[in-house]
Amino acid sequence: MFTTVYLIAITAEAMSGALAAGKRQMDMFGVVLIAFITALGGGTVRDMLLGNFPVNWTQHPSYIYLTITAGLMTMVVARFMHRLQQLFLILDAMGLVAFTIIGCNVALALNYDLPVVIMSGVITGIFGGILRDILCNQTPQVLQKELYASVSLLVAGLYLTLHDAGFDHDLTLLASFSCGLALRLIAIRWQLSLPVFSYSPERWQD
């Protein structure tokens, strides 16, 4: 089931990347590239930082086909995408949580220390979106709006707490996934966010 969630998640992320490229009026190659980077960029950055080679998607060509197809299909059905906004928010939330847990598992398998495991989860969860926004010349949305990166951090913390406490693996997955998904959807529903730091030197000038 977790594999199915992962495949759904990378498809949704690829489509969100394609939409972002469309807003910047990119050509077909740009749309496909942004779709691919959005879907698989987080895992790529994680593997490179952890020295986990070969990078995951290079061993699963089906992921490449899936993300490229999702990007191209988004161009075809773009006129209907606004009707699916709520669905995309749910799928994106599922992807965030799934990617985070996967990132933690990769670092655990490599015997990294706790802080590295947590950051591995967070990087996997959010970096695809960060790369998407950077390439589209935007301030990363995952660091601005409703709780997003912080949800990834909390999911990683909960997952590792339950893992280290010796809980059953399936129960740990289910609890972490459910709590993370619920928190992200609550944050969207009530627009919960962290305090914003706004620095303006003129405010303190005499």
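W57 has 22% relative accessibility in this predicted model, so this tryptophan counts as partly exposed.

A search of the whole structure finds four aromatic pairs. A pair of this kind is described by the distance of the ring centres and the angle of the planes. Two of the pairs are set out here:

| Pair | Centre distance | Plane angle | Arrangement |
|---|---|---|---|
| F36 and W57 | 5.0 Å | 90 degrees | edge-to-face |
| F197 and Y199 | 6.4 Å | 25 degrees | stacked |

F36 sits in helix α2 (residues 28-50), while W57 belongs to the loop between α2 and α3 (61-77), so their pairing ties together parts that are 21 residues apart in sequence. As for F197 and Y199, both are exposed. Elsewhere, ring pairs join Y6, Y63 and F99 into a cluster.

Now to the helices. How do α4 and α6 pack, in angle and in distance between axes? Helix α4 (residues 85-109) meets helix α6 (residues 149-164) at an angle of about 50 degrees, and their axes are 9 Å apart. That angle makes α4 oblique to α6, and the crossing is right-handed.

On the α4 side, the contact is made by L96, V97, T100, I101, C104, N105 and L108. From α6 come V151, S152, V155, A156, Y159, L160 and H163. By residue type, this contact has 10 nonpolar residues, four polar and no charged.

Methods: Residues numbered from 1 in each chain as written. Predicted model: local features only at pLDDT ≥ 70, side-chain atom pairs only at ≥ 80, totals over all residues. Heavy atoms only, no water. Axes fitted to C-alpha atoms, helices over the stretch in contact; angles between N-to-C directions. Helix = DSSP H or I, 4+ residues; strand = E, 2+ residues; numbered from the N terminus. Parallel < 35°, antiparallel > 145°, perpendicular 65-115°, else oblique. Left-handed = near helix turned anticlockwise from the far one by under 90°. Contact = heavy atoms within 4.5 Å. Nonpolar A, V, L, I, M, F, W, Y, C, P; charged D, E, K, R; others polar. Phe/Tyr/Trp six-rings, centres within 6.5 Å; stacked < 30°, edge-to-face > 60°. Buried < 20%, exposed > 50% of the residue type's maximum accessible area, 1.4 Å probe, protein only.
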